[in-house]
Each structure stands twice: as structure tokens, then as C-alpha cells.
Number of protein chains: 2
Amino acid sequence: MEISSTFDNMPGLTHDRPVQTSSFCQQFASVDGAGNYDDVNNVVIPTPGAPDPRAQNSLRQSWEMNYQEGAIYLQEGENNDKFFTHPRNAHALSAYLFAHNHLFYVMELLTAVLLMLLSLSEAPAVPFLRLDVYVHATLELLALTMVAFELCMKLRWLGFHTFIRHKRTMVKTCVLFIQFIEAIVVLVRQTSHLRVTRALRPIFLVDCRYSGAVRRNLRQIFQSLPPFIDILLLLLFFMVIFAILGFCLFSANTADPYFSTLENSIVSLFVLLTTANFPDVMMPAYSKNRWSCIFFIVYLSIELYFIMNLLLAVVFDTFNGVEKMKFKSLLLHKRSAIEHTFQLLVSRQRPDRVCLKQFDGLMRFYRPRMTARDRFLTFKALNHSGATMLSLQDFYTFYEVIGLKWKARRSGEHWFDDLPRTAFLIFKGINILVKSKAFQYAMYLVVAINGIWILVETNMLNDGVSWTHAVPWSYIIFLTIYGIEVLLKITGLGPLTYFSSGWNLFDFSVTVFTFLGLIALAFDMEPFYFIVVLRPLQLLRLFKIKQRYRNVLDTMFELFPRMASLGLTLIIFYYSFAIVGMEFFADVVYPNCCNTSTVAASYRQINVTIGNRTILEEGYYYLNNFNNILSSFVTLFELTVVNNWYITMEGVTSQTTHWSRLYFMTFYIVTMVVMTIIVAFILDAFVFRKNYSRKNREPDDPEDEKGIVFETEVSQTEALQTLDLYKHTLGVTNLSSLQDMCVALERSGHSSLVFLGRRSRTKSDLSMKMYEEEIQEWYEEYSRTNLQPDETFHRELDSPEASATNSIN
Amino acid sequence: MEISSTFDNMPGLTHDRPVQTSSFCQQFASVDGAGNYDDVNNVVIPTPGAPDPRAQNSLRQSWEMNYQEGAIYLQEGENNDKFFTHPRNAHALSAYLFAHNHLFYVMELLTAVLLMLLSLSEAPAVPFLRLDVYVHATLELLALTMVAFELCMKLRWLGFHTFIRHKRTMVKTCVLFIQFIEAIVVLVRQTSHLRVTRALRPIFLVDCRYSGAVRRNLRQIFQSLPPFIDILLLLLFFMVIFAILGFCLFSANTADPYFSTLENSIVSLFVLLTTANFPDVMMPAYSKNRWSCIFFIVYLSIELYFIMNLLLAVVFDTFNGVEKMKFKSLLLHKRSAIEHTFQLLVSRQRPDRVCLKQFDGLMRFYRPRMTARDRFLTFKALNHSGATMLSLQDFYTFYEVIGLKWKARRSGEHWFDDLPRTAFLIFKGINILVKSKAFQYAMYLVVAINGIWILVETNMLNDGVSWTHAVPWSYIIFLTIYGIEVLLKITGLGPLTYFSSGWNLFDFSVTVFTFLGLIALAFDMEPFYFIVVLRPLQLLRLFKIKQRYRNVLDTMFELFPRMASLGLTLIIFYYSFAIVGMEFFADVVYPNCCNTSTVAASYRQINVTIGNRTILEEGYYYLNNFNNILSSFVTLFELTVVNNWYITMEGVTSQTTHWSRLYFMTFYIVTMVVMTIIVAFILDAFVFRKNYSRKNREPDDPEDEKGIVFETEVSQTEALQTLDLYKHTLGVTNLSSLQDMCVALERSGHSSLVFLGRRSRTKSDLSMKMYEEEIQEWYEEYSRTNLQPDETFHRELDSPEASATNSIN
């Protein structure tokens, strides 16, 4: 790009009118009390020679409205909000602005979390958190009022019609209503009744702006459900057939409690599906007739090894398709948002281009915290064609550029380049040392020795760990070595480079932890001993040696956010089940509770005489109860792991009714769905990653060239012109960032400075590359139809203006 | 194709010489005692007018040799035998022929199976199969001698150099040698010593010709191993770190046996990896401090839910690649075999074409059982170009055409078309009835009612099944309905159409079974009562209603052969482990054996006093032993299912040494590998199938257009000419099939008859379509290099002749 060309022919910086007017501009203008300019489109174009200050003012206002609406479109594109929820008028706009900022989001989140946390203190409460009924009921009412207030804002912003069309919001309203009534009832009666509806509380959390990932997961789970249910039916069907068979074959054996009735038979085979009662379920029959094992082997082969895997295959296949479709619709939604915004930014004079002024105005609304320099650099990064203004094609890459963090490229390679000669040589030496293979392998060796040391040391403590107060000398030696390594690396690479690597961060934090452990040991602070135990984590560093492990661990970190959101989704399911469990099964199991059931031994805590010896039988299963929400969570986790889950089920069943089994079985199936999704997700992510690197033949060393980097060159004249433009024409006040840039340019002595914009690579970037060809097809298809199903509503409103734009062209 | 054009310009049916001569022709000729014609290539071309009977005879012999070698190449291509094992001379040929026929294969298989079955009767024998030492040792020696004989044949066929280069054969030889010595030792000492080497016996089975699928599976398993082991190390590494952590945290608790020593700690966490001891392993710590559950939750989340799934992902990814590479190398190998064969079939006169005579000669060696008619039809099916002779391009499709079953297309649609009018109308009515939706849904309804009936009936027998001698009337009614349905369908569709559908076969056999059950009930034959319980299988018919189930069940049947071979592979692993287990752990567990271990309760069979009541505690785990090979198999299956496997492990360990755990842990890891492969296989097969139908937009109804169909039209003159050709020129004796064809043509009254060749669709066909584009690339790449790595050896031998061919061209 030619230096300073950005400013040549910049048309109508002050007088140009927008092609399209913000949909809430009209009403806003009349509300503003001006009255005269009730339609901005009818404003007479002021001649440059004789500026009418009033018209000028109205024009600026009109542009500002456009910037704001454009920013809202971009936001909607980013958040995947459907355009039919787009604010329609000035009232809606103020409500929209009120409801769309981080303060409001945080309030929303906190209210939802508070509501969920209340179950810690309600009726079957965690002992040390118990609250009186009137306290927690009042708290709940308060939180619910907050939710109601939030809903009112939403109603105001969406308008009544859109509001009742929005399903999620309607469900939320209904739940809110029920919860309100129940809370009042509790407050009046001063005692909790059977409040199973508390299980619906997670809905408030799911509806939060910040829970987007959870919502997406839930949607994905529901989309995978139909094929899942089909195969599940097949599974259950075979189960019933085998249950009838098993009942016919084994019910004659009185020593066999598993098949004594058809119900038992079905339950036994359901549990056998999870393998939790194998081989016990087979044993009574097996001891009578050795060939009866065939029944169980056939059952497990069909159900467990075939149909269960088929289930995974079906879900994986669906998941695959859903992921791609999700990406496609998101991509097209963003594209459509960009098109909407573009239409709002173009002026009558150049209806197919956007200039810096308009772009800057948009960015001030879209990213209020962004500095003027970064806005300018983003504009330059978008500008592929090298022309003065942005075309729609340029603008399409908006979302790829927006997240970049800009930094001037350092002239030198090392942080110590500017230091005096002696210091430079010393640091250069350290730099070469820490970058050498020998140093790295020496450190691996130290870590390995440390690992073996810990293993041997621990193995010699066979009588249990005794916390001697003396700090072992090996501990100090290894810590010293690690400390020196960290210092060398920080000085050699410079703190910025050092901490920009995840692995170094890991090294650093482990070393710091080890140091804290030393202090804990030296000063005899018992509660912090657990830090000492974390020492073996050092050994993880050894996995840097092999490429595959680095890949696996990198994949692990890439997957982490998504995994966390899946975990959160699981916790939401847990919460609902925990509430139901607490309402029905609180305090039903206790030591020696279930002597009539088949699992009595697991609950027994009593002296038992065997032959002539007496031993204490300690069955701990009474600990797996639903007595408060924390215990419930642990119990549900145990049920998720599946092993021995039927002991908990049978224990509870023996104290309540047969129908309790329905709860446990439903829970099993729900967790099975979520777990299958998790497996499918990991499979998909890994295979996708592999295919990606196969397709793009990535460099073997993933350390360099990670993330997305954009480069932009800014010349001195350009910088000064921009500063001038901002100062005089745009009236932007906070220009320190631009001034800093000019100063830096002057000091560097070069005529231009290169800025690097960096951001980490997301799944979306990978998908963009993977589906390159298909994306082109999608775009073509999209531009052919040019109407997204859920956009029709808004497009219809826009169409007169859109056609007007076309007629101008 | 022009009728009868096949016979125009058929060059040199009798006098044409082959371009290339079989590599074992030369030696064979001299062995044959002819002596004069020591090089066929030097034979003077006999002039057509004056046929020299001797030269004619030698020429014919030379062609026959070529046919035979061509057939051998094709066979090698089909079986994926590398060409460096191709017989090189006449001696090798006779050994090759001896070792390559089904009689020999069956002998090979039976010997291997006999050797494996011997373990039923050896030392820890199955009670009713016990044999004296001298009996089973003699049997073993006999079997081993057979194996030695087979190896000798192989040595003769391969030649010494190739023999010792062939790894599998060398391993087999070594194992044979050891087994021989051991068998003799056993016979001399008249008692079995510790014969762990018996675990190597499956090698003889794996080496059998018929075990090709098992060998492929094993190869795939070994190819998937390197990435698997990497992730496994990661898994074990985390395990050790957590074991040290757990030991430090929980060893202070004396009530906690799981973390009392570092070894216990590691074993507990290994078992926890399989979830088999969860939540028990957590309980002692949990009862002391509720927060200790975090340790276990974190451990399980990382190990079980993340790394284990990663393991599957890595194996799945590798599996995917391996499957494709396997397909590629097989395809290219077949192509190369076809090229070799083609070179042997072309004559000097037309060195780029193969005529019917040569093709027929080849087929007589390649498929000796094939009728003359089918050979002719196959030739016609290969002939895409419509020319008289086959080009190499035509010949490339050889393997796709060879498996076809030929049948003349029926003139009419129904089997009853030729019946008299009245009968026709009746059958037509039945045909319309059984094909109607109403009839189908009526039958579904009957099945559903039957299902509910069985369920209700069974549920009312809550006191166990009593085999009343009276046959219940519902049984008879439903059986009658099913019987009528079967009869209607058979008469309406014709037996051939009826039985060609898998679903109908299933219906039929279930109905027959139900009928047999009725007889068993009516005549009070107790041992056959199990047939009665198979009745619920009728319900499976309901799955025909939904398309997805049909797909799933079809996939199931398609997968079945491969699943069976995977199962066999697993059994081979089982066998080895069973032998080792029997050698070390036979008779170590028995009732009340393990009172010192933590799992004593599972082995206890004694009266226990709880408080003031006395109950019989029945621990059945002593049944899970290694006392004979059948018990070992059941025990190993239980270990495969994983649940409660540590009870067996701890029981055995408490009676033997710590090192026994190594056996169980190794077994767990081995089965984990095989099971992961099975899951990966099912995933891959299913996803492949789905992608295939997505790509090819298959018709929704899979009933029609299943399998591969070729069509060939044969005219009357063509048929007669062929008959003539076969009779007079080729000297083929058994021509009844061709004569039948001529008769059928005459009777039909049409001038030509269309023959349909059908075969079922294989995975290879699907792959051909899926990788269409890539296959073209492979072919190009292949023809560029034209040298497969493992062919170089043979090509070098061929090259002089190959260049000779080229020079002639």
C-alpha cells in the first residue's frame, strides 16, 4: 500500500449522508424534542460552502445512530443472536443497551448462581450452611424479583410479540412464576414443602448471556437425541427379550435372587448392561450349571460390545454433522451481520465503500475500550485491497481481525539488545545456554532423577507418611536446581517471551509451589502440607520430550474450554437430579438400614462372627446418600462412574418403593447420553485436529507460528495525518495511544513502523481452513437465496431501503 | 456388441505362441523327459499348412503351463500373497500345487485345532475329557509331525532362501521345534512339566490359510500399537503421580487398606482406572474427610474421562489410516497380479489382447469347478469394449467379475406366470395380499400383541416358571397365524424370492423353532424346553418397521464376518492367557481360601452370625478359577468385562505371590487394546457406511438393488458357435452346461437370452466407490513407479522377458 494513500480522496468527511438510516433513528429524533427533522432522509444536502449548523448536527446524530445500530448488528453476529430480536425503535434501543453490558450480565449470572446456591441452605441443608426458613425464602424472593426485573427489560427491548415468540424466554417466565408462588407459600407456611420444581432452577443459569457454551451443548445434546433414542430402544428391547428368557431359564433356582421375578430379571439385566453386577449376577446360575454362562456371554456380547458401541457410532456420526452445520450457520449469520452493518456505514456519495471515519465511529460503539491507535490499525488490517476505503469484501473478514492484539514489532531479537556490551554478552550467553539442546536434556535428566528419587523415597516410607519437621536435603537440592533454571530462562529469554509459553508457565508455577511447600515444611504449617505432595507434578515436564505428547497435551489445552462447558452442562443435570433426590431420598439410608435387601452387607456396620472370630464389618455405603446437596453431588458422581451403582439403588429402593429405581435408571440413561456426547466430542476434536495437520502439513514443532498474526506497516506521514484527522475532524478526545505511536515512530528514526496483530487460533480458524472449498459453496448458495430462514422477518422490514440502495447504484 | 462377433478374426486358435513363457515351463519340460524342447521360445513356429504334431504338442504344453502360472498369480493376488513367494520352477510348482488346495488347507486347520484342543485333556483337564499322559502326548507328537510335514512342503515350494526370509514361517519353525522337544520330554517323563510354551500353540492356527482374517486383525492391532503405547504411558504416568499423592494423603488412615503402601496405592489406582473398585476405594478416606472425594473425582476425570477417550481417539485415527492403506496396497497388489497374468496369456500375434481360448484355459486352472457356460459368460462380462478379445483395461476388472453367480433372466415377473388362468389369479391375489402394506402392518400388530401377551404371561408367573404339560392355547393361536403367514408368503412370492430375503429367512426359522417348541411341549421332551423360551425372538420382526433399525441391523449383518474374526482373535489371546493362567494358578482358589485378603467375603462359604441371626454367606468367586481351560475362558471373559475383576486378582494373589498381579494387569491391557480396536472398528465401519450412503444418495429402501449385478446377452448363434468351439477346438469334455444353455435358448423361442450375474456387495466395492478419485491417483502413481517395494525381487527376474515383450511391440 502506498504510504499516506489512506487519506487521498477521502470523500465527504463531514457532509456525506448515510445510504440507510438506523431503524430507531426516526423515533429517537422525535423523542429528542427536535421535531423539525422527523425524517433524516428528507434532510436537504447542505452545500459545502454554507454549512447549516442545525442540519450538520442532525446529520451527525443520524450517523451516530447508524454506528450504534451497526455495532449492535455486529454484536448479534458475534453472539449468534437471531436478528428478529434486533431492537426496533428508540425505546427498545435503550432497553437493549441497558440489558447488553457486562454489569447486567454479571448481575444476571450472580442472581442465577445465588438461586442455585440456595439449595445448600434449604431444608436438607449442608450442616454448617443451614439457614432459617424465612432467611432463605426472603433471599429467594429477592433473587426471583431480580430475575423478573431482567425479564421486564427483555420484554421492553423485544416487544410483546417477539417476547412471546421466543421459546426460551417463555419457559423462563413460566418457571419464574411457579417459583415465585412456591417461595411465597414457603414464607407463609414457614416450612418447606415438597419442592421438586427447584430442579428447574438451572434454567435461569442456562439463560444467562455467559452460559452460551452450555446452551450450545444442550442444543447439541438434544439434536443428537433422536438417533440415540432409536438405538436405546433397540438396547432396551433386547434387554426385555433376554429378561424373559432369563426368567424362564433361571427362576427355578431358588438360590438365585437376580431372576426370581420378571421385574428383578429386567432390573438385573439393566444393571448388567452397565456391567456393575457382573459376574455376581451370573454366579448362582453358573454354580448350578456351567453352561448357563453362555446366556450371559451372548447378552453382553450383543448389548455391551455391539449395540453400546453402535450407540457411540450413531452419536459420533450425528455429532459430526451437527458440528459442521453449526459452523456453517454461525458463519453465514456473521456474514449477514457484517452485510447489515456495512449497509449502515456506507454514504450516499460512495454507496459501496466505508471510510475510516465511519469505521472509527462504529468501533467506538462496538469496542468502547479500544484505543484510537488500535481502531486505526484494525482498519488498515481489514484493508486488503490497498484502496483508501473498505469494500464489502474487505469488511467480510471483520471478525477475524477484531480480536487482534496490536504491538509494534521489536527492532531487535532479544530483550537485552539495547544493553551495554558486557551485559549483552552475558545475557546472550545465557540465552544460547537455555536454548541449547544440552541444557534441555540436562533438565529432563534432573527431573527424571527427581522422579525416581521421589518414588524410592515414598516406597521406603512403607509404614505411612510421617511428617518429619526437618526438610529433606534432596528437596532443597532439587528446588535449587529448578529455581536456577527458572532464573536463567527468565533472564535469557526475557520475562515476556518466557511467560508467553504455556510450558514455561507450568514449570514456573510448579517451582513456585515447591518453594511454598518448602516454606510450609520449614515453618511447620500443617494445613499447607498438601502443597508438598504436588511435587510429583514436576515429572509432567518429561512429556515435552516426545512430539506426540506435546500434541496430545496441546490438544488437551485446546479442548479444555469446551470440556469445561461440557462439565458445566453435566453439573446442571446433576443439580436437577440432586434436588429431586433430596426431596425424595433425604435421610433414607443410614448404617444398618437395609438389612432386608440383597445389598445389606454394604450398609452393615456391626460386629460379625465368622466361625469363632469376630470382626468389624464396615459397610460405608450409607455415606452415598442424598442428605444434602454436596453429598448428593458425590453420590451422583458415583452413579456416573457406574461401578456398584446398583448398591446405592437397591439400598434406597429397600427403604422406599420400587419406583425409586426409575430415578436411578433415568439418571443412568441421562449421564450415558452426556458421556457419549463427551466421548464423541473428544473423538471428533482429535480426529479433526489430526486431519487438519495432515491436510495443511503443519510444521513439526508447534512452538513457533502458533496463533494468527497480521502485519501492518504505518508510515510517519500516515501516522501524523491520522492524528490530525482524529483531532480535528472526528473530535475524538482520548488520543494518547495515537500520539504515543507518533512519538515512537519519531524516536525509532525509521520512516515506518510495522505493527503485529496477534491472537490465538480458535476452532473456527481451523474449520475455515478445513472446509475452505465447502465454504465457498455455502457463500454462493447464501448469496443466491440471500435470505436466511430466521432473517426473513427482519429482511422484510429492510427490503424497501435495500432496494433503494440498489436503485442508487 | 455385434452378435457372434466374438468369433470373427479370432487369431491363431491353435498355432499362436505365447509372448512370455511360464518360469517353471523350462524345467518342467525337461523333467517331462521330452528333452528336445528345452526352451519353448526356441521352438520353430509351425506353418499352418503343415502342423508338426510334436511342436503342436509342446506348444499346447507351453500354453497350459502359462495358464497354470497365470492362475497362480491371480490366486496370489486374491490371497494377498507376496510375489516373492511365487513358485520359481517345476519342483516348486508341484509343492505349491500340493500345498494350495482345500484338502491341504483343511488338514492344516484341523492339525492346528487339534493341537489347541489338546489343552482340554492335558494336565489340568476338563474332568470328562481327561486323557492319560501318553495318549495326549502321542496325539500331540502326531499333530506336530503333521505340522513339520506341512513346513517341509513349504520349504520345497519357497526354496531355502525365501523360506528363511519369511518371518512368520521362521517363527513357526522355532515354535514347532520347542514343542517337539517338550512333547518328547513329556512322553519320556510320563508327566507334564510347567509347559508355558503351550501358550504359543495358537501360532499354528494363525498361520493357517483359512485364518487370513485373523492375521489381518493381528497386523492391524500391531500397527495401532505404537500410538496406543504412547498414550498408555501417559495414562500410567498420571497413575503413578496420583499413587504417590494418594499414598501421602491417605496412608495415615489405618482403616484404609487401599493406600497403606505405595504398591497398594498403585494397584488401587490401576483398578480404579477400570472403575472396578469405585466407590469402595474412596469410602474409607471419604468417611474421614468429605473433601477427599476431590482427589478421586480429579483422578477419574483426567484418567477415565479424558485420557481413556483420547486413547480411543488415537486408535480410531490410526485405524482409519491403516484401513485405507490396507485397501490401497491390496488393490495395487491385485492389479499387479492381473498384469502378470495378462502377460502370460497374450500371444505373439496379438501381444495386447487375450482371446476366449486363453481365458478359458486360465479359468480351468483358476476355478476348476466352474462350468464352461459360466467361463464363457465371465469372459463376456469382462469384455467392456465389445471387441472380440480382452484388453488389459478389460482384464483389470477381473476380480470384480469372478465371484458372480450366473442365472438366465426369467421371462416373467412371478413364479406362477406360466400356471393356468385360475391358479394364476389365485396366486396373483395372494401375491398382492402379502405385498400390501395392510398385511404387513397386520402382522406387526400380531407380533406386538404376541409380545405383550408373553410379557403379561411371564409377569403372572411370579413364583417361577412351572412347566405345565398342557400347551397354552395362546401359543397355538399365534403359531397358527405365523404358520399361515409363512405359507402365504411362500406361495405368493415363490420359494426362491421368499428365501432370498434375510428377514424372511429369519421369520421362517423363528416360526419353525416355535413349531419345534410346540412339539417339545406336547410330547413332554424336557431337554428341548429351551426352544420354547426363544419365542420372544419373534418380536425382533417389529424392527423392520423403522428405516433406521433396518439400516442398523443390515450394518450388523455386514459387520458380522469381521466381528467374528475379531472375536476369534480375542479367543486366540484368551487361549494363550488361559494356558499361562492354568500353569500358574490352577487349583489355587477354593471356598474359604482367601481369608487373609481384602476380598475374603467373596470367597467365603460359611455360616455367619450377625448380631443374633445366623445366615449362610455364599461367596461364589471360587468358581472363577483356572482349574481347566473352559473355566479359564469364563474367568478371562469376566476379566474382560472388567467389573469386579480385582476380586479374582486379589483372591489369586493372596494364594500365590504379588507377581500374579502382573498377569492380570497385562491381561487387562491386552484386552483393552483389542476392545479399543473393536470399538474403533465398529465406529469406522458405521461412519464409513453412513458417509457412503450420503455420498451416493442411496435409495431409502435397501430391499431393492442390493448387491452387484452384471448383465450379459447371449444370442443363439453365439451360443452354438461357442459350443462348437469348446467341443472341437478346446477339447473340453464337460459341456453339459453349454448344451443346457443352447437348449434353453431354443425352447425360449427368443433369438437371445439375457444372463444376470449377481454377487453380494463387499466392503471392497464400497471402498472402490468411496475413494474413486484417490484410486485414480494411486493407479497413476503406481504406473509411474510400476514397481511395488515387495515385488522388486520378482520383477528383476522378469525384466529380461518383459523387455523382450516390449521389443516385440
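How many residues does the contact take from chain A and from chain B? In this predicted model, the contact takes 98 residues from chain A and 97 residues from chain B. The predictor assigns the complex an ipTM of 0.85, together with a pTM of 0.84.

The size of an interface is often expressed as the accessible area that is lost when the parts come together. Between them, chain A and chain B bury about 9,300 Å², and carbon and sulfur atoms account for 74% of this area. The largest share of the side of chain A that touches chain B comes from helix H8 of chain A (residues 212–250), which supplies 14 residues. By class, this side of chain A comprises 68 nonpolar, 19 polar and 11 charged residues. Between chain A and chain B the count of salt bridges is 0, whereas 12 residue pairs are in polar contact, with both residues at pLDDT 80 or more.

Backbone geometry was also examined. In chain A, the peptide bond from Phe278(A) to Pro279(A) is cis, with omega near 0 degrees. Pro279(A) is found in the loop between helix H9 (262–273) and helix H10 (283–288) of chain A. In chain B, the peptide bond from Phe278(B) to Pro279(B) is likewise cis, with omega near -5 degrees. The loop that holds Pro279(B) runs between helix H10 (262–273) and helix H11 (283–288) of chain B. Gln190(A), although not a glycine, has a positive phi of about 55 degrees. This residue, Gln190(A), lies in the loop between helix H6 (167–189) and helix H7 (202–206) of chain A.

Confidence was considered along chain A. The average pLDDT of chain A is 80, and 86% of the residues score at least 70. Over residues 1–14 of chain A, pLDDT stays under 50; for this segment the model has 35 contacts beyond four places in sequence. Residues 788–809 of chain A also stay under 50 in pLDDT, and for them the model has 28 such contacts beyond four places in sequence.

Technical notes. Residues numbered from 1 in each chain as written. Chains lettered and ligands numbered in written order. Predicted model: local features only at pLDDT ≥ 70, side-chain atom pairs only at ≥ 80, totals over all residues. Heavy atoms only, no water. pLDDT = per-residue confidence, 0-100. Contact = heavy atoms within 4.5 Å. Buried area = accessible area lost by both parts, 1.4 Å probe. Salt bridge = Lys/Arg side-chain N within 4 Å of Asp/Glu carboxyl O. Polar contact = N/O pair within 3.5 Å; in protein donor to acceptor, adjacent residues only side chain to side chain. Helix = DSSP H or I, 4+ residues; strand = E, 2+ residues; numbered from the N terminus. Nonpolar A, V, L, I, M, F, W, Y, C, P; charged D, E, K, R; others polar.
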